[in-house]
Amino acid sequence: MISKEQVEHIAKLARLELTKAEVQKMQTDLSSILDYFEVLKKAPQKVADRGRAAGRPTSTSLRKDEVIKGPASLANNLVALAPDTKDNYIKVKQVL
Amino acid sequence: MDLLDLTITQLHEGFKKKQFTSVQVTKAYLDHIHKKDKEINAYLSVTEKLALDQAEKADKKMSEGKEFPVLCGVPCAIKDNILVEGERATAGSNILKDYVAPYDATVIKKLKSQGAVILGKTNLDEFAMGVSTENSAFKITKNPHDITRVPGGSSGGSAAAVAAQEAVYSLGSDTGGSIRLPASFCGVVGLNPTYGAVSRYGAIALASSLDQIGPMAKNVEDCKVVFEAICGKDPMDATSVATEIQNAKFKIQNLRIGVPKEYFSEGIDPEVEKIIKNAIKKAKDAGAKIIPVSLPNTKYAIACYYIIVPSEASANLARYDGIKYGHSEIKNHKSQITNLLDVYLKSRGVGFGPEPKRRILVGTYALSSGYYDAYYKKALQVRELIKKDFIEVFKKVDVLFTPVSPIPAFKIGQKTSDPLSMYLMDIYTGPVKLAGVPALSLPAGKIGKLPVGLQIIGNYFEENKILDIASQLEKML
C-alpha cells in the first residue's frame, strides 16, 4: 500500500492540491493500479531498439523556422483567455 | 422521406437534385436534437447559430450550379476536445468550462472548406480519459439503444449523436479505443486512423504519441468520405504524414484474415464471441482465407498503456496552471492565494476531476526519479514488443478480425467505483494504439438490443483496405 505521505509528495510534484478524502482514495486507487503494473516484470527482457522495429516513419518533419503571420484577432483571442490581465499583458503573482 | 434517415451520400444526391436545402436538413436535425437530446445527453453545446449560418452559406454555394464537395451542407457533430473557433471547447472538464476556442483545429478547417454544417459539441470523458463518458464533469450520455447503459467512451457523445439521429456523422478522438468502443456500443461505424494520418492540431491533448482524430458515421461509405476529407499532412502537426489514397479495390475473396487467439481468451462474453465468429465465417464463406495468428505480447498491453498514457497526460495537463487560460483561483479570495505556487495548486485542485487527478498522479509517479526505469522506460520497451507483434503478423495477413470489446454496453454506474475495471475495457483496442496501426469498428450483430462491433485492424496507412473490406462485409452481416 502506497503511503499517505507518498501520495502527498507526488501531488505536490504535480502541483495538485488534494483534500484529505482525495488523498485517502488515491492511496487505494494508486496501489491497485501500481500492483497491476507488476505484470510487466514478466515481459521479455530482450527488446528491439526503440524505433528500429517500426514499420512506419518515426521521424517527424519540422516546418521552416519562420514567422507565420496570424491575424491580430488570434493574439487578442489568446490573451483574452487569461484569467488575470493588465494592459493586454498576462498578470502573474510575484515570482521572486 | 425522413431527412434524418439519409446518409452523407444520399443527402449529397438530394442537394444536387434540389429535393431539399441544407437549411431544411439542418433545421430538421436541430428540432430533433431539441426533443431527443433531453433523454440522450449527447451534446454539451448546440451551436445553433453557427449551424444555420453555415447551412445558408452552403445553400448559396450549392445554388451556383457548379459541382460542390460531398460534405457541403451536411450537418455533423464534433467531440468537445476539438477546437471550433468562437465556440466553447471544454474537453468535458471544469477546468475548461468557460474556454472559448481561439482558432479552428485543422480538421475543422478542412470540414469548413467543404461547407460542412456544425450542429454542436459532444460529450466526452474528462480530457478523453475513460471508456463510458461517465467521467464527464457535466453530464452522463445515455446509450440510445438502452438508456440505462453507457454509450462507451470517451467519444460517447459523438457515437450517441449519430446513433440517435442527432447528427449525420461526427468526429471523435481515439487514444486507447475512444472511437471504436463507443462505435461498437452504439452500433455505428468508427475509424481510428493510423497515427499520423490525421492532423492533431487543435485537438486538446491527452497522450500525444497515441491521440488521433477520426470519423464516426452511419455506414462505412460515410466514414470513408469523412476520413478522406480530414486526412493528410499538416504543417502545424509535425507527426502528420502525407497519405496517398489508393484507389485499388480490395476484394474479400483475395483476403488473408488473421484471427489472433489472444483476443478470444477468458473474460469474453460468449454472445460477443458468437457474433464475431459469425462475421469471420461470413468472410470465409465469401472466399477469404482465415489464418489463426498470435500477438504474444497482448497480455502486457494494458499495463504498458496505462503507464504511457498517464505519463504523457501528466506532462500535457501541466499547461492548465490557472494563468494562461482555463479555470483559475487567482481572484477567488476564499482560496487565500498568497504566491505563485498557490495559484497552481488550488486552480488545478479545484479544476480537475477525479480521473485526470488519478492519471496525473500515476504519470508523475511513473516519471519520478527512482521509478522511471521500472515504469516508464519499461513501458516504452514493452511498447516496441507490441509494435513488433503487429509488424510480424502483417507479413502473414492483410487484416485482423477481433472483437472491439469483450462485453456489450454495461449499466451506468456499474464500474464507476473501480477505475482498474474501466481500464481493462481497452484490452482489445489499446494494443492497436501502442503500435499506431489503423482499426475500424463495424456493427456485426446484437445481443438483445445491444450492438456488438467487429474490429478490423489493418497495417500502417491501409485505411482504404479496411474500409473496402468493411463495406463488403457490411452488406453480408
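Predicted model: local features only at pLDDT ≥ 70, side-chain atom pairs only at ≥ 80, totals over all residues.

Residues are numbered from 1 along each chain as its sequence is written, and chains are lettered from A and ligands numbered from 1 in the order in which they are written.

So, the sheet. Chain B has an open one of eleven strands with mixed pairing, and the order goes β1-β3-β2-β4-β6-β5-β10-β11-β9-β7-β8. Strands here are DSSP runs of E, at least two residues, helices are runs of H or I, at least four, and both are numbered from the N terminus; pairing takes at least two DSSP bridges. At the edges sit β1 (43-46) and β8 (289-293) of chain B, each pairing on one side only. On average, neighbouring strands are turned by 30° against each other, direction ignored, with axes fitted to C-alpha atoms, for helices over the stretch in contact, and angles running from 0 to 180 degrees between N-to-C directions.

Zooming in, β5 (189-192) and β6 (212-217) of chain B pair antiparallel over two bridges. G190(B) has M216(B) in β6(B) as its bridge partner. Packing on the sheet is α7 (220-230) of chain B, which touches β4 (169-174), β5, β6 and β10 (439-447) of chain B. The direction of α7(B) makes about 150° with that of β6(B).

Now, the interface: 42 residues of chain A are in contact with 52 of chain B, contact being C-beta atoms, placed from the backbone, within 7 Å. On chain A's side, α2(A) gives the largest share, six residues.

Conventions. Contact = placed C-beta atoms within 7 Å.
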